[in-house]
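The stops below go from ring pairs to a loop and then to a helix.

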Amino acid sequence: MATINKKDANAFCLRARRKVAAYARISMETDTLLHSLSAQVSHYSQMIQANPEWQYAGVYVDEGITGTSTTHRDEFKRLLMDCDAGKIDLILTKSISRFARDTVDCLNAVRHLKDIGIEVFFEREHISTFDGGGELLLTLLAAFAQAESESISANVSWAIRTKFQEGLQNGYKAPYGYYWNGKMYKIIPEQAEVVKSIFQRYLAGETAYSIAKSLTKSGIKGQNGKDFRDFTIKDILSNHDYTGTQLLQKNFMSNHVRKRNRGELPMYAVEEMFEPLISVDEYEQAQRIREKRANEIPPSEITRFSGLVKCGSCGCGISRRSHRRNKNWVCNNRERKGIAYCQTRPILEAELNNAVQSAFGEIDDLDFCKEVRKIVIFNDRVEFHYLQGKVMSIDRQYGGFKFRNGFSGKLFCGLCGTKCGRDTLRRKVDGNTVMVKSWSCSALRSVCPLKRIDEEEIRLASDTLLGKTDSEAFFAEKVQRADIFNDRIEFHFKGGEVKTWRRG
């Protein structure tokens, strides 16, 4: 007689496969030769997909980036963001030095990942962050890796500075107007004429912006085929190499940050490195004009932020503008070419000051300039980049300022495609009159039947779909547009994803 055993239904459930990703970093030319990007991606892809208990979650690779800091490692940052989003359970990486050579960065990342239940496995050291003694060994090895990196960096700096003392340059990247023929710098005739024209026009009184605009309109391109911008014109005007004498050690590295040499280290002048395009007298005249124009800026227009604020979207400078009684900081590219070229929204100076207060507390202008290398503005945050390489991020405050709204310019009628406008309405609530912000199609009601929608519902939809409280700033950065229908709102993200909110 057959024997029948009762089994729990859960016993037949398949164990969920672990979501596994890999991280690789290529920072040196020898790495690129021996372990190419495609080879590493292929290696990890095959390893993960060959394991039936693993689910492939991607390979993240930073190419040509130093491991001494996580500041500019975009793929590393994306890896951590995907871990926070629950997309990864296990990270494979070749070694501790490939993951991070800064002990603090390495341990902070590993501890954060461990806290949210994500394991990191280092192949060369055969260490798992889930092992009992793994963190102690990891601390020691990461410290050794950091010391090795700092030693290499010091040796490289010494070698470069020794070359400068001997009149030898570090690399052969030619300025606009020249090319390196393997032995010396040679003139590119058509570019040389542009350089000469830039100096002549500037000495005649024309501004850098006007020159750049004229060259772009004429179809003349700068280096790498890009349009001329006012700052590229200024770079050309300030480049001493066009006199035929090259200055060595104009910049130097300090704590992995590139700095302009303002007397901290000696500079070396090497004559006849270039065939001159301008005379020394023309160069010096241009510098005097630049200095005079800089001094003509009224003291009231110079603030702690002057020269520091950059656009996070296009990289252009951000300038101070007066609007009614407010002071705004506006991306120069957006102001001159329009929103199609840059979508970074202007920021009030009051909001910038609040961000400084949040990041630094009470700090005077002198100390602020000693701390901060640049300020980068995004739609959802303000980033303070310290001189030592650290970056601090402060969320933008749309709701905290009158007339500032993260939804502006992104809400469209789903029925006719017209942009939606914002109104203030009086409404009776529990017998009291209150002011309510609402959005409606800008087309005539006789043309478009879209129902008006309260801003609070849009805010609720944004908070719910984006998974964040007070998501207005996040909406401004991540959402390309939102189409409003009578029964729903469709959020179209910049990456192509679409999410839908059902209207009540």
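Predicted model: local features only at pLDDT ≥ 70, side-chain atom pairs only at ≥ 80, totals over all residues.

Phe199 belongs to helix 7 (residues 189–203) and Tyr242 to the loop between helix 9 and strand 8, so the pair ties together parts that are 43 residues apart in sequence. Both Phe199 and Tyr242 are buried.

Next, select Phe305 and Phe368, another edge-to-face pair, at 6.0 Å between centres and 90 degrees between planes. Phe305 is in the loop between helix 10 (280–295) and strand 12 (309–311), while Phe368 is in helix 13 (residues 365–371), 63 residues apart. Both are buried.

**Charges over rings**

Show Arg293 and Tyr202; Arg293 lies over the face of Tyr202, at 4.7 Å from the ring centre. At Lys468, the charged end sits over the ring of Phe474, 5.1 Å from its centre.

**A loop residue**

Go to Asn239, in the loop between helix 9 (230–237) and strand 8 (246–248). Is Asn239 buried or exposed? Its relative accessibility is 13%, so Asn239 counts as buried. A polar atom of its side chain lies 3.0 Å from the backbone nitrogen of Asp241.

**Helix 14**

Finish at helix 14, selecting its buried residues: Glu455, Ile458, Arg459, Ala461, Ser462, Leu465 and Leu466. Viewed down the helix axis, these fall within an arc of 160 degrees, so they line one face of the helix. Just after helix 14, Gly467 has a positive phi of about 70 degrees.

Definitions and conventions:
Residues numbered from 1 in each chain as written. Heavy atoms only, no water. Helix = DSSP H or I, 4+ residues; strand = E, 2+ residues; numbered from the N terminus. Buried < 20%, exposed > 50% of the residue type's maximum accessible area, 1.4 Å probe, protein only. Polar contact = N/O pair within 3.5 Å; in protein donor to acceptor, adjacent residues only side chain to side chain. Arc of directions from axis to C-beta. Phe/Tyr/Trp six-rings, centres within 6.5 Å; stacked < 30°, edge-to-face > 60°. Lys NZ or Arg CZ within 6 Å of the ring centre and 35° of its normal.
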